Amino acid sequence: MAMDARIRYTKMIIQVNFISLLKQKPIKRITVKEICELAEINRATFYKYYADAYDLMEKIEDEILQELQGAMESFPKGNIHETLLGILGKMKENGELYMTLFSGNGDTNFPMKIFRLCYAEFSDYINSLYPKMTKTQQAWLYVYTAQGSCGILNYWLSDGMAESPAEVAGFIEKLISNTLKNLE
């Protein structure tokens with residue numbers, strides 16, 4: 001069943017104003033009262049959809065992860081470059097949102113949530129290249145490359161995303177490829 005337009009609008013207003021506050025201060029200092037005042041809604045309306053500011057952030061992140069999951073399904077399976085390019089392109093499209101969520105004011109675990117989402121895609125790729133590696137070794141390899149890639153994404157976002165998604169994706173892909181070549 002489609003969500004009523006008023007509900008979509010109310011949630012959007014709440015989210016936009018929450019993100020605005022998150023740009024200014026950490027989530028632990030954001031109150032429901034502040035969000036409601038900025039959104040010009042009453043607290044009962046807020047609590048109809050969210051338990052608190054943390055629940056709101058989690059739901060925003062879940063929406064983003066679902067959008068990325070949907071986008072990943074359209075990328076060619078096992079193609080690291082296309083997958084990275086698609087993810088980075090989505091980030092660039094919604095740059096301000098991602099920069100805010102990745103900032104120190106947001107959820108510091110959010111970048112790794114994105115890489116956990118990508119695990120199935122990349123674990124199949126790693127398994128196809130190194131079928132003799134144990135599952136644990138394959139997981140280590142993924143975590144190693146994901147943590148490094150996550151650091152690059154954090155830097156790219158905090159630096160204002162001046163470089164194109166293609167440049168960043170290409171650089172990450174080269175690092176991953178070189179890592180994989182050295183395992184042979």
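How are helices H4 and H7 oriented to each other, roughly parallel or roughly perpendicular? In this predicted model, the axes of H4 and H7 cross at roughly 30° and come within 11 Å. Angles under 35 degrees count as roughly parallel, and H4 and H7 are therefore roughly parallel to each other.

## Overall fold

The chain contains nine helices and zero strands. Its pattern along the sequence is α-α-α-α-α-α-α-α-α. The C-alpha trace spans about 60 × 40 × 25 Å along its principal axes. The chain has 184 residues, of which 42% count as buried. Among the contacts with a separation of 6 or more, 63% join residues 24 or more positions apart.

## Helix packing

Two packed helices are described by the angle between their axes and the distance between the axes. The pair H4 and H7 has a right-handed crossing. On the H4 side, the contact is made by Glu61, Ile64, Leu65, Leu68, Gln69 and Met72; on the H7 side, by Phe110, Lys113, Ile114, Leu117, Cys118 and Glu121. These residues divide into eight nonpolar, one polar and three charged.

Helix H4, residues 53-73, also packs against helix H5, residues 80-93. The angle for this pair is about 145°, and the axes are 10 Å apart. H4 passes H5 in a right-handed crossing. Glu67, Leu68, Ala71 and Met72 of H4 meet Thr83, Ile87 and Lys90 of H5. By class, the residues of this contact are four nonpolar, one polar and two charged.

Helix H6, residues 95-102, packs against helix H7, residues 110-129, at an angle of about 110° with the axes 8 Å apart. Angles of 65 to 115 degrees count as roughly perpendicular, and H6 and H7 are therefore roughly perpendicular to each other. Tyr98, Leu101 and Phe102 of H6 make the contact with Phe110, Pro111 and Ile114 of H7. The contact of H6 with H7 has six nonpolar, no polar and no charged residues.

## Individual residues

| Residue | Relative accessibility | Class |
|---|---|---|
| Ser149 | 4% | buried |
| Met57 | 5% | buried |
| Thr100 | 6% | buried |
| Met161 | 6% | buried |
| Glu40 | 73% | exposed |

Met57 is placed in helix H4. Apart from neighbours within four places in sequence, Met57 is in contact with Phe18, Leu22, Ile27, Leu101, Gly106 and Asp107. Met57 and Tyr125 are 68 residues apart in sequence, and their C-alpha atoms are 32 Å apart in space.

Thr100 is in helix H6. Which backbone oxygen does the side chain of Thr100 reach? The side chain of Thr100 reaches the backbone oxygen of Glu96, at 2.8 Å. With neighbours within four places in sequence left aside, Thr100 is in contact with Ile19, Leu22, Lys23 and Gly106. Leu22 and Gly106 are contacts of Thr100 and also of Met57.

Ser149 lies in helix H8, residues 135-158. Buried means under 20% relative accessible area, and Ser149, at 4%, therefore counts as buried. Leaving aside neighbours within four places in sequence, Ser149 is in contact with Phe115, Ile172 and Ile176.

## Loop residues with positive phi

Most residues other than glycine have a negative phi. Glu40 has a positive phi, near 55°. The residue is found in the loop between helix H2 (32-39) and helix H3 (43-49).

Met161 also has a positive phi, of about 55°, although it is not a glycine. Met161 lies in the loop between H8 and helix H9 (165-181).

Technical notes:
Residues numbered from 1 in each chain as written. Predicted model: local features only at pLDDT ≥ 70, side-chain atom pairs only at ≥ 80, totals over all residues. Heavy atoms only, no water. Axes fitted to C-alpha atoms, helices over the stretch in contact; angles between N-to-C directions. Helix = DSSP H or I, 4+ residues; strand = E, 2+ residues; numbered from the N terminus. Left-handed = near helix turned anticlockwise from the far one by under 90°. Contact = heavy atoms within 4.5 Å. Nonpolar A, V, L, I, M, F, W, Y, C, P; charged D, E, K, R; others polar. Parallel < 35°, antiparallel > 145°, perpendicular 65-115°, else oblique. Buried < 20%, exposed > 50% of the residue type's maximum accessible area, 1.4 Å probe, protein only. Polar contact = N/O pair within 3.5 Å; in protein donor to acceptor, adjacent residues only side chain to side chain.
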